[in-house]
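Take a moment to look over the model and its sequence. Then follow the text from one residue to the next.

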Amino acid sequence: MPCFFSQQWKLPFKGKVEKDGGNCSGAQVTLIKNGKSADEKTTGIDGRFQFMLEPDNDYKIEITKAGCIKKFFVCTTRGVPPGDHSNFSIELTAVVLFEPPENCDVSALKKPLLTFAYDYSTKNFEYDKNQYDKDRKSTRLNSSHLGIS
């Protein structure tokens, strides 16, 4: 659905990357906007990153570090009605990077860990809980295997 009005809000998308039980410095966090690389950050000693997502776009956030399994999330900022958007925020408290385990199928991690979109009932951005539960059940992975909390 096309947007006929200009929206001025931005969505903070922030998180913390961990590895081996602590903060992960040196992780590459890439923001892809509508299929094109838009920004890249390297985590510092606190492991934190943040991007400001603009309305009416589709985003992919990739987190990588040499020797570790890549993690990624998707978020659409489309379909948000006009109004007060000052409470918008997405925060990933811990994205845990790890090396590929031996003899373990990690193909489930080739899909987004979480998919975020505007939720009309909460009037904020939420992850798709049904998809998350379905993915966990189909792969028998728990949140520690997925590396999110």
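Thr77 is buried, with a relative accessible area of 0%. Buried means under 20% relative accessible area, exposed means over 50%, and partly exposed lies in between (1.4 Å probe, protein chains only). The model is predicted, so local features need pLDDT of at least 70 and side-chain atom pairs count only at pLDDT 80 or more, while totals for chains, interfaces and linings use all residues. Residues are numbered from 1 along each chain as its sequence is written, and side-chain values use heavy atoms, with hydrogens and water left out.

Where does Thr77 lie? Find the loop between strand 7 (71–76) and strand 8 (90–97). Strands here are DSSP runs of E with at least two residues, and helices are runs of H or I with at least four; both are numbered from the N terminus. Now look at what surrounds Thr77. Contact means heavy atoms within 4.5 Å. Leaving aside neighbours within four places in sequence, the contacts of Thr77 include Trp9, Leu11, Leu53 and Phe125.

Two of those contacts lead to the aromatic rings. A pair of aromatic rings is described by the distance of the centres and the angle of the planes. Rings of Phe, Tyr and Trp (its six-membered ring) pair if their centres lie within 6.5 Å; planes under 30 degrees apart count as stacked, over 60 as edge-to-face and the rest as tilted. The whole structure holds 9 aromatic pairs. In one of them, Trp9 and Phe125 are tilted, at 6.0 Å centre to centre and 50° between the planes. Trp9 lies in the segment before strand 1 (11–19) and Phe125 in strand 10 (residues 124–127), so this pair ties together parts that are 116 residues apart in sequence. Trp9 is buried at 10%, and Phe125 is buried at 4%.

Next comes the pair of Phe116 and Tyr127. Their ring centres are 6.4 Å apart and their planes stand at 75°, so the pair is edge-to-face. Phe116 is in strand 9 (residues 115–119) and Tyr127 in strand 10, so the parts tied together are 11 residues apart in sequence. Phe116 is buried at 6%, whereas Tyr127 is partly exposed at 30%. Trp9 and Phe125 also belong to one aromatic cluster, together with Phe88, Tyr118 and Tyr120.

Some rings have a charge over them. That label applies if NZ of Lys or CZ of Arg is within 6 Å of the ring centre and within 35 degrees of the ring normal. The charged end of Lys129 sits over the ring of Tyr127, 4.7 Å from its centre.

Turn to strand 1. Of its 9 residues, 7 are buried. Two strands pair if DSSP finds at least two bridges between them. Strand 1 pairs with strand 5 (residues 48–53) in the antiparallel sense over 6 bridges. There, Leu11 has Leu53 as its bridge partner. With strand 8, strand 1 runs parallel, again over 6 bridges. Strand 2 (residues 22–23) is antiparallel to strand 1, with 2 bridges. Glu18 stands opposite Asn23 in strand 2 and opposite Val96 in strand 8. Strands 1 and 2 form a hairpin with 2 residues between them, and Asp20 in the turn has a positive phi of about 55°.

How many disulfides are there? With a disulfide defined as a pair of cysteine sulfur atoms within 2.5 Å, the count is 0. For Cys24, the nearest cysteine sulfur is that of Cys68, 6.5 Å away. Cys24 is buried at 3% relative accessibility.
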